[in-house]
Number of protein chains: 2
Amino acid sequence: MQETWLVVGIVSGLISLGVAVSLYRWVLRQDPGSEKAQEVASWIKEGATSYLKRLYTALTLVAVVLAVILAIVFSFDLTEVGIGNVTMNVGHGLEIAVAFVVGALSSAIAGYMGMTIAVAANVRSATAANNSLTKAFRLAFNAGSVMGLAMVGLAVIGMSTIYLITKDAEVVLGFSFGASTLALLAKAGGGIYTKTADIAADLVGKVEVGIPEDDPRNPAVVADNVGDNVGDVAGMGADIFDSYVASAVAVMLLGSSLPFAPGESLKYTIFPLVLCTLGIFASLLGLQFVHVGENGRPGKALNNGTVITCVLFAVMVAVLVLAGGYSLGVLWATLAGLITGVVIGFTSDYYTADNRKPVQETAKVSGSGAAINIITGFSYGLVSIVPSVVGIVTATLLSYYLAEYYGINGVYGVSVSAVGMLAVSGMIVSSDAYGPIVDNARGIAEMAGMSDEVIATADTLDSAGNTAKAITKGFSISAAALTVLSLFVAFSQVLAARGVTITISLLNPIVIAGMFLGAMTPPLFSALTMLSVTHNAFDMIEEVRRQFREHPGILKGTEVPDYASCVGLAAEGALTSLIIPAFLAVVFPVLVGFVMGPEALGAFLGGAILTGVIFALLMANAGGLWDNAKKYIETGQYGGTGSDAHKASVEGDTVGDPFKDTAGPSLNTLITVMSLVSSLFAPVIAAFHLF
Amino acid sequence: MQETWLVVGIVSGLISLGVAVSLYRWVLRQDPGSEKAQEVASWIKEGATSYLKRLYTALTLVAVVLAVILAIVFSFDLTEVGIGNVTMNVGHGLEIAVAFVVGALSSAIAGYMGMTIAVAANVRSATAANNSLTKAFRLAFNAGSVMGLAMVGLAVIGMSTIYLITKDAEVVLGFSFGASTLALLAKAGGGIYTKTADIAADLVGKVEVGIPEDDPRNPAVVADNVGDNVGDVAGMGADIFDSYVASAVAVMLLGSSLPFAPGESLKYTIFPLVLCTLGIFASLLGLQFVHVGENGRPGKALNNGTVITCVLFAVMVAVLVLAGGYSLGVLWATLAGLITGVVIGFTSDYYTADNRKPVQETAKVSGSGAAINIITGFSYGLVSIVPSVVGIVTATLLSYYLAEYYGINGVYGVSVSAVGMLAVSGMIVSSDAYGPIVDNARGIAEMAGMSDEVIATADTLDSAGNTAKAITKGFSISAAALTVLSLFVAFSQVLAARGVTITISLLNPIVIAGMFLGAMTPPLFSALTMLSVTHNAFDMIEEVRRQFREHPGILKGTEVPDYASCVGLAAEGALTSLIIPAFLAVVFPVLVGFVMGPEALGAFLGGAILTGVIFALLMANAGGLWDNAKKYIETGQYGGTGSDAHKASVEGDTVGDPFKDTAGPSLNTLITVMSLVSSLFAPVIAAFHLF
């Protein structure tokens, strides 16, 4: 009976993937536009492909090394050679290694599909904006849906198949670890890439030479456009993919290790896969409701889609729980997660919406200079932590106590609430991926010299994308927090299942030491990625200057600049910058565990979760706020474009860029990877550690 | 026998106070300078006095209300009226209330003495700089010593006397709570005041009207100079006073509640007072070694004084431990704290020194604009967290395990290490208070139109102050961290002594919820104080504009501006801005305790300590770094004063101002107050809480 659900899951994943492929083809069949527009788009496509090639080559190497380590570590029982005294679940090294590779591959495929479709959709959406808002919107949204549906489809197929074959939640953990490691590197690498190119293009182009943004004479301009795609689309897709999988895995680990009634264990182990399956159906239905008339508001259409999907999902879960004989506790936990996710999403919007106090106040003080703009925006960014933290706390307590009330383990309830938030990711990612596509469509329209009307239509589409983005960010950070919290408990359950009980008491000095080390990791990670951005941008600036100097024809417009060299520089810089951050994410936690023991490692994770969530919220919201304060001034407020207030707000926006696009978005994934690698290595660490 | 130590403590405190008073008189006897200089100084003095009057009036009200609450709460046993089941140490309500008031009063007196002497020393030091560097240095340093010695003297007298009378460590806790509450409000209020005036004076004066900094025609200029005194001198003194007392109290609480061998309990309870006594003697001796020749380097003289004091102190403690039959564990714990404090202090210097990579790199990128300067400085600020956190972790683990190794409770060892760091505060505060005095001397020299040579001498004195300041900051933040960690454990010991065992396990959802709420408090506190600065600065800018408009004689130099109205505005703004931060510090923890229970409260403190320490380090170091990057450019690097790089670095410095002078320095005190109020109310909360 329960196995049937796994098969249903695989089928739903295949349907989702099928719809994604047919939408992909539909998008490719649309008018690719004028020769000029196609030429611009082809530069971007080439750059993006070249970056992804380098990225995936580097990551293949990393994945192979990690897979070999996993295969070896999980094949032997250390107690047999006289090390440690904890019996591990030995002999599944090969399964875990294969699952790890499949997870990494799935994440890569989802990112690759998303990016190729985005690159294709950019130019087609710009072309469609020539004669119809409805058409341009449909094109961009369908392209976004390719990403959303491919992602959830691949995830559910992967998890269900692995569990169907191995019946071992820890092997699914290997899949999740693969997906998250790839996501982290793709996200951080893309984030460094995109802002390196952005800053270099702006500083030489706009400031030194005085040519407009997106001017094709700027050798860095293609790298900049590529960056939007690799950072926003591919990175973000990989990011939600990883939270989605990790949240389900946490429930599966708890379901398989907690003492459920006989016969109930399997039911509650695969419950998250059932939720994901229902989420896929709800998303497929919800997508049908997203359309916009010629004079309609794209933002409203996107929000309607999200709300309808959530309602459909809630109804489906209620029916499932009542008909399937599940505890009412899991229904309430799911709803607690879902509702909190939506509430946090809309609350986050308050801090970045241009008709609210934070953005308006920041815009107002900008007349007094960049510093005051930055202090104000930063402070509101700090305040914006509050509603999300309160939301996370509420969801945790509600799902815990409601689950306990209905006779289900409370921690299991918390982990279900995270899945409840993320199950509708198919819809959420679709509206989120729409954003960078219309953003790029606007850039292409400008570079290809399209009319002002087209650009105005593109602007309308773009502003809706920003709201969708703000909501998704609140959603994804809090979902990651809940996911990581449940992974954290899963970590201790994995140990308990091996007979090792740990008590992570805050009154133990090694626990305090572990917490401090963990708490320092996310800020350090942020700092390293941001320093890479400024460092790499300086290298690229040198290259742009060299091209202008050695080829005077470029600025006259008689010579085509060497876009590829800038693209290559950005890619190489981003990839070498990843070495220390990758170490912090994957090796540092394991090192802490082996040296200081499992309790310190648990505390390390606790500390990292706290500061990870806080810095992620601060950076995402402050970044969005500065961006919108600038845009608000550009509508003519406080002197409008060109005024002192505007200049100050541009500086604020530039500070916000690496906050919101480089450092901030990697933090969810960082704490997820840290939790996954800790849970995976928990038995080994319990068996063998120094102190 | 042990009571003798208390008497020795009181005597050493009286000696320290006596030396402070005689130095105070010596300073006042020095040449107060020209009539012009005296006039300028008198404006500052009046402004400072008027601010302190308002501050202390407001604080008296707060103190009276809190004292009454304490007197009532700790006089009755709730179990007698059928509430709760934990017997409290009843009947000492009046003692605690009186101790609280005495603590607040001592802190106020130390701050007041420091500020009046600083205001008197400013002008005298400027005058002395006319003919002798040695004399000017001696004057400023002696004035700083008044602050340092008064502070440690009052603290040791207060704690020893209270313990001698009541023999109850919890009453001393009341004293500490009073000192810290006053320190927090003085520090945060002073921080808001000083930056409000600074920003307003700069924005209208330098930017709008184009008159130089410190120009007497600017109505906000006196408020700005007053701010330097109330923020830096009075605030900082109150701040270290509170850590000093709190660290000793934590040891006393542990000493009196942990199960020591019979007869040893009193010995280890008053041990921190003995350490403080030795620290006073070491400081008094160390101060004698601080002098500088006409061509000498003031920075070196200050560092020598610190190192000599530390060595003397270490020797004294070694003799005490060996001769007094103490466990060797407390010697190692003291040394672990002392050495780590010094190492952290000098490491912090790396991130703010202008001959090191962080400052130089930030200066270098400034040519590309304010945003790049700010991203780079902020990132290095994040990196600067690492060495201090590693230091705190090392000190914690070393002192814990060394104490345990020698048969002393490990947590007791950790708390001793914090006292080890802070016992030499007499010396540390003396060199730190020197900084703002010479800074102000420079300002007065400029306002009173003294010669360029005098200003150059003042500059030499000033740069030494900045290094001393960086070292003290690293020192005080890490000492606060250790103090708060031991208070945190003391909190659980207070409960254990009442028969309530708490297990703050990270696997408990209410603990996780508490940690998240705690972790969000320091960032929120920072944000509120910084938003107050920009908000209040805008009000003051309006007032300055009004004066210029209604009295055109001011700018012509024929009319004296109304300095007092700006001073009043800044004071009023700062005091009303304190309401919500005070609530967060004092009421919020108690509320969390009463609603969510003692375990959640413990976790709340844990979360607050983590983010409090991290944000304190980030803000202090990033602020110092931006300041020095600007100064480095002003030495002629990257285009020097007036270049684009310089303009960018000025913006960075302005962002750093509220970081390092408003939000950052209050955070230590915030977490100390939160820990103290929690420890104090722990028995009541254990007896009665909602969940």
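## Two chains around an axis

Of the residues of chain A, Ser505(A) comes closest to the rotation axis, with its C-alpha at 2.3 Å. Welcome to a quick tour of this predicted model, in which chain A can be laid on chain B by a turn of 180° and a shift of 0.0 Å along the axis, with an RMSD of 0.0 Å. The two copies are thus related as by a two-fold rotation axis.

**Where the chains meet**

- Chain A brings 57 residues to the contact, and chain B brings 57 residues.
- On the side of chain A that touches chain B, at least two residues each come from α12 (370-383), α13 (385-405), α14 (410-422), α16 (452-497), α17 (509-550), α21 (598-634) and α22 (644-687) of chain A.
- The largest share of that side belongs to α17(A), which supplies 15 residues.
- Sorted by class, the side of chain A facing this contact has 40 nonpolar, 16 polar and 1 charged residues.
- The copies meet through the same surface, because 100% of the interface residues of chain A are also interface residues in chain B.

**The nonpolar core**

- The largest nonpolar core has 557 residues.
- Those with the most contacts inside this core are Ala140, Val172 and Phe516 of chain A, along with Ala140, Val172 and Phe516 of chain B.

**A helix pair in chain A**

- Helix α9 (residues 298-324) of chain A and helix α15 (residues 425-447) of chain A have axes that come within 9 Å and cross at roughly 170°.
- That angle makes α9(A) roughly antiparallel to α15(A), since angles over 145 degrees count as such.
- From α9(A), the residues making the contact are Leu302(A), Gly305(A), Thr306(A) and Thr309(A), while α15(A) contributes Met427(A), Ile428(A) and Ser431(A).
- This contact of α9(A) with α15(A) has 3 nonpolar and 4 polar residues, and no charged residues.

**A loop glycine in chain B**

- Gly557(B) sits in the loop between α18 (553-556) and α19 (563-576) of chain B.
- Gly557(B) counts as exposed because it has 10 C-beta neighbours inside 10 Å, and the cut-off for exposed is 12 or fewer.
- Gly557(B) and Pro216(B) are 341 residues apart along the chain, yet 8.7 Å separates their C-alpha atoms.

Terms used. Residues are numbered from 1 along each chain as its sequence is written. Chains are lettered from A and ligands numbered from 1 in the order in which they are written. This is a predicted model: local features need pLDDT of at least 70, side-chain atom pairs count only at pLDDT 80 or more; totals for chains, interfaces and linings use all residues. Two residues are in contact if their C-beta atoms, placed from the backbone, lie within 7 Å. Helices (H or I, at least four residues) and strands (E, at least two) are DSSP runs, numbered from the N terminus. Ala, Val, Leu, Ile, Met, Phe, Trp, Tyr, Cys and Pro count as nonpolar, Asp, Glu, Lys and Arg as charged, and the others, Gly among them, as polar. Copies are superposed by least squares on the C-alpha atoms of residues with pLDDT of at least 70 in both. A nonpolar core is a set of buried Ala, Val, Leu, Ile, Met, Phe, Trp, Tyr and Cys residues joined through C-beta atoms within 7 Å. A residue is buried if 20 or more other C-beta atoms lie within 10 Å of its own, exposed if 12 or fewer, and partly exposed in between; C-beta atoms are placed from the backbone. Axes are lines fitted to C-alpha atoms, for helices over the stretch in contact, and angles run from 0 to 180 degrees between N-to-C directions. Angles under 35 degrees count as roughly parallel, over 145 as roughly antiparallel, 65 to 115 as roughly perpendicular and the rest as oblique.
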